[in-house]
Amino acid sequence: MTEALKLPIIDLSSPDRISTAKSIRQACIEFGFFYVVNHGVEEEFFRRMFEESSKLFSLPLEEKTKLSRKEHRGYTALYDEKLDPSSTSKGDSKESFYIGPLGGTISDLNQWPSKGNSRSSAILEIYYGMSAGRQLIHLIALALNLDEDFFEKVGALDVPMGFLRLLHYPGIEVKELHEAGNDQLRFAVQNSNSLQIKNPFLLGKLESSGEEIFWASAHSDYGMITLLATDGVPGLQVCRDKSQHPRVWEDVPNINGSTLHRVMPAGQERYSTMVCGPAAFFLDPNDDCVVECFESCCSEACPPRFPPIRSRDYLKERFRLTYGS
């Protein structure tokens, strides 16, 4: 059974930065997630962003496939992504749209639908994301007992890689199907606490036979930080100890305003915007940034568990595992 999780709330408007940094440190140690409030992004902006996201994913499949993912920009169809390679599912039950950095010639790699205001919304979203993301990164540096501007001083954010990701999870009324009849559908929560569909069924465009069904299967995110904004529909779950068997998954309730996690079907369509770095997108360091354990996080008695690696090489490997290529 899943339990509701009470995550810490981090207030970016607090004048007590040391106390806020300590709260972030404790939240990361205990949960790997926390809520952020007073981040400077207005509710009206989120409303318009989800409206544009809905328009994009409502386009005919033929139109969306013209924007298929290239260089990690563009459209990803249902089941194309599998965040947990060990899952028995044929792929995650979601579609997404990646938008990469907008500055310089690298922005030419982005793809845009011919209709709608997706581009202007993305520009605002990445702006807000970078702003909130930098605030968080400064606080995270303090939480790691580093100088507040540590990441700037080492050049990790000279050319930050901010990726905005729009996500659409189609609705799956599992409960209604279960109640509809006897052996038509049986499901059980297994040791992994994932939903197991025992008998084949067809629901809209989603078809499964003896598979685990996830909107987004178990994974930890790739970059520095992930800022996630959702439309309020539940589904996000967090596992605090991935080494524990069976794993314990806890529901993350929505509030107004890199740990193992997944998104489970909740019976309604769900839209969310994800970013690694600042605000509703992925914020990653420069491509050539060397990622290694900080001195404040290791010692002779507790040496680094992983060797240094360049950011681009690490991300390429994670994408290879996710997409199988």
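Aspartate 92 forms a salt bridge with lysine 94, and their closest N and O atoms are 3.1 Å apart. Both aspartate 92 and lysine 94 are buried.

**Charged side chains**

Lysine 94 is placed in the loop between β4 (74–76) and β5 (95–99). Its relative accessibility is 3%, and a residue under 20% is classed as buried, so lysine 94 falls in that class. The side chain of lysine 94 also has a polar contact of 2.5 Å with the side chain of glutamate 81.

Glutamate 81 in turn meets arginine 165 in a salt bridge between their side chains, at 2.6 Å from N to O. Because glutamate 81 belongs to the loop between β4 and β5 and arginine 165 to strand β6 (residues 161–169), this pair ties together parts that are 84 residues apart in sequence. Glutamate 81 and arginine 165 are both buried.

A further salt bridge joins glutamate 250 and arginine 240, with the closest N and O atoms 2.8 Å apart. Glutamate 250 is in strand β14, while arginine 240 is in the loop between β13 and β14, ten residues away.

The structure holds 15 salt bridges; the table lists three of them. Elsewhere, a network of salt bridges links Glu44, Arg47, Arg48 and Glu51. Side chains of opposite charge can pair when their charged atoms come close.

| Aspartate 92 | Lysine 94 | 3.1 Å |

**Overall structure and backbone**

The protein has 325 residues, of which 48% count as buried. Its secondary structure comprises seven helices and 19 strands. Helix α4 (residues 118–143) contains glycine 129, which is buried at 0% relative accessibility. The C-alpha atom of glycine 129 is separated by 9.5 Å from that of histidine 39, although the two residues are 90 residues apart along the chain.

Several backbone details occur in loops. Tyrosine 79, in the loop between β4 and β5, has a positive phi near 75°. Asparagine 145 likewise has a positive phi, near 60°; this residue is in the loop between α4 and α5 (150–153) and counts as exposed, at 59% relative accessibility. A cis peptide bond, with omega about 0°, joins histidine 245 and proline 246. Proline 246 is found in the loop between β13 (236–239) and β14 (250–251).

**Surface**

The accessible surface of the protein comes to about 16900 Å², and 52% of that belongs to carbon and sulfur atoms. Val291, Ile309 and Tyr314 make a nonpolar surface patch of about 220 Å².

**Confidence**

The mean pLDDT of the protein is 75, and 74% of its residues reach 70 or more. Confidence is highest in strand β19 (residues 309–310), at a mean of 95, and lowest in strand β7 (residues 187–189), at 25. Over residues 173–209 the pLDDT stays under 50, and the model has 72 contacts beyond four places in sequence for them. Residues 270–280 also stay under 50, with 95 such contacts. Where pLDDT is low, the predicted coordinates should not be read in detail.

Terms used
Residues numbered from 1 in each chain as written. Predicted model: local features only at pLDDT ≥ 70, side-chain atom pairs only at ≥ 80, totals over all residues. Heavy atoms only, no water. Helix = DSSP H or I, 4+ residues; strand = E, 2+ residues; numbered from the N terminus. Buried < 20%, exposed > 50% of the residue type's maximum accessible area, 1.4 Å probe, protein only. Polar contact = N/O pair within 3.5 Å; in protein donor to acceptor, adjacent residues only side chain to side chain. pLDDT = per-residue confidence, 0-100. Contact = heavy atoms within 4.5 Å. Patch = residues over 30% accessible without salt bridge, like charges linked within 9 Å, V, L, I, M, F, W, Y side chains within 5 Å. Areas by Shrake-Rupley, 256 points an atom, 1.4 Å probe, with all protein chains shown as cover. Salt bridge = Lys/Arg side-chain N within 4 Å of Asp/Glu carboxyl O.
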